[in-house]
Amino acid sequence: MAILKTEDLTYVYSAGTPFEKTAVDHVNLEIESNQMIGVIGHTGSGKSTLMQHFNGLLQPTSGKIYLEQRDIWADKSRLREVRFQVGLVFQYPEYQLFEETVYKDIAFGVRNMGLQETEIRERVFETAQMLGMDKNLLERSPFALSGGQKRRAAIAGVMAMRPKILILDEPCAGLDPKGRNLMLRQIRDYQKKTGSTVLLVSHSMEDVAEFTEKLLVMSKARLFCYEDTKLVFRKSEELKELGLRIPQIASVMQALRKHGYDLPEDLYTVEQARQAVLQLLQNKVRSREDGASC
Amino acid sequence: MADNRIIRAEHLWFRYPSDTENPENATENNWILKDISLEIQKGSFTAILGHNGSGKSTLAKHMNAILIPEKGDLFVAGMNTREEKNLFAIRQKAGMVFQNPDNQIVASIVEEDVAFAPENLGIPPAEIRRRVDDALKAVRMYEYRHHAPSQLSGGQKQRVAIAGVIAMQPDCIILDEPTAMLDPQGRQEVMETIRKLNREQGITIVLITHYMEEAALAERVIVIDHGEMILDDPPEKVFSQVERMKKLGLDVPQVTELAWELNRAGFRISPEILTESECLEALEKLL
């Protein structure tokens, strides 16, 4: 059953002025629960505008958006609830930290939901732990943390609300390779543990290849496709035309296939490529040995 | 003898002033840069890698005198950054491009933004016109000269920022993660522009990046860790040390990692592979 659904969702910026621009154009989507979804598209493709509809920050110019079968704009008094259920973390969320301590900052959203103090405490500790933040960090000022920890504190504030859908806009921007990898593993663990749906907006094809099951691809305000990650990477030529590309290793593997080597389709991480190439090499050695023994 | 070194650091040490003002903090541990000595040749293309907090951006900021060493010296085209009278000349020789294009663009029209620096250098108007046009052509943004920067994509804005630096006719451009906020196409546009400026105009490039594929395009890779320069070699020599790079919190290009894994499994493939085409060729030989 779809947790989030859009019907001909359209959004026009500055309608009726010379700057009128359609940012989202008749998008029809059905997003299921409990999965990691990558959101990719060139700058200006409409992906951020689309994401801002999912928690009611923007109201569609036309078309509908349903959260668990309910039109989120049917009753505006329920929008607050929608925003608790769909969490949105902007790019560079650490600029939004403001509290005296990390604990208070993470607790801010949960407290607004009206939870009891004991439950707030539990949520804050559990979330901090999922993101690998040490307990003694919680009593420090968020502004005294390192860049990576600041970002985790900001993300934890939204995760602690346990939204059914969590949208993260470039959560790894500016992090070094090790920091990126750790952050993505922690996000995936959070997703598995909570059974929620995580939408990961990213410019890194390598990251979405490794960490997502499905990809939502936007291009020029339209939905280009919403499919299994491996199926999307089969469309390397089309992706290139959209200003995107496939992971470096995937393009080498596809070229080998094209040149007639007997490799499986859908190799898009280094680990997959390593196993497939080793298999091929071992087969070759074996057939040579068989030939020699005859 | 002509000095071919555009940048020269001699036993450079640095820590942030807030750490030195309070003597309690001034311990051995908070040096951001420790005894860095290096030379960068005119016309070269160098990439600097390091994890967050390693000191690489701090080093870059010494290269156009935004920061001054606490101990030791840094020279740009032979001028010591310590001497204030050199400041203008140094910033003209060595221009800097930062991560976020929106923080670097000052004017509301592309060509006015590019003209900003030469105007401040007091260059005659006709010469400014020529420089602005040349700079915009060099980054392939000439046809956008009358646009508002707000209408441009991230990659286009970053190329305008680069044009703003080129209009000063620098010998060297230092770019601090110029592609971190860009989509794949924007990244490619910026990288192509950088390589072209390096090859065709002989501009020295110092590129700080977290993308290993970008560093692989340089002729020299320097790795900074905890304020020390620990590697300084051609990219194939640096990236073939896969385990060491990962231990440093860095990575290697995917194709290099695959070649290294196969090599480790006992197959005859060089771990010094850097590009897709090199990898494809080597795999075809192997298979």
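Of the 287 residues in chain B, 55% count as buried. Before I go on, please keep in mind that this is a predicted model.

I'll stay with chain B for a moment. Its secondary structure comes to 12 helices and 10 strands. The radius of gyration is 20 Å, close to the 19 Å that the globule rule gives for 287 residues, so chain B is as compact as a globular protein of that length. As for contact order, take the contacts in chain B between residues at least 6 apart in sequence: 64% of them join residues at least 24 apart.

Now the interface. Chain A puts 34 residues into the contact, and chain B puts in 35 residues. Between them the two chains bury about 3200 Å², with 62% of that on carbon and sulfur atoms.

What about salt bridges between chain A and chain B? The count is 0. Polar contacts are another matter: the rule finds 13 residue pairs across the interface, both residues at pLDDT 80 or more.

Which elements of chain A give two or more residues to the side that touches chain B? They are helix H6 (177-194), helix H7 (205-211), helix H10 (248-258) and helix H11 (270-293). H11(A) supplies the largest share of that side, 8 residues. By residue class, the side of chain A that touches chain B divides into 18 nonpolar, 9 polar and 7 charged. So much for the interface.

Definitions and conventions. Residues are numbered from 1 along each chain as its sequence is written. Chains are lettered from A and ligands numbered from 1 in the order in which they are written. This is a predicted model: local features need pLDDT of at least 70, side-chain atom pairs count only at pLDDT 80 or more; totals for chains, interfaces and linings use all residues. Side-chain values use heavy atoms; hydrogens and water are left out. Contact means heavy atoms within 4.5 Å. Buried area is the accessible area (1.4 Å probe) that two parts lose on being put together, summed over both. A salt bridge is a side-chain nitrogen of Lys or Arg within 4 Å of a carboxyl oxygen of Asp or Glu. A polar contact is a pair of N or O atoms within 3.5 Å; within protein, one must be able to donate a hydrogen and the other to accept it, and residues adjacent in sequence count only if both atoms are side-chain atoms. Helices (H or I, at least four residues) and strands (E, at least two) are DSSP runs, numbered from the N terminus. Ala, Val, Leu, Ile, Met, Phe, Trp, Tyr, Cys and Pro count as nonpolar, Asp, Glu, Lys and Arg as charged, and the others, Gly among them, as polar. The radius of gyration is taken over C-alpha atoms; the globule rule is 2.2 Å times the number of residues to the power 0.38. Buried means under 20% relative accessible area, exposed over 50%, partly exposed in between (1.4 Å probe, protein chains only).
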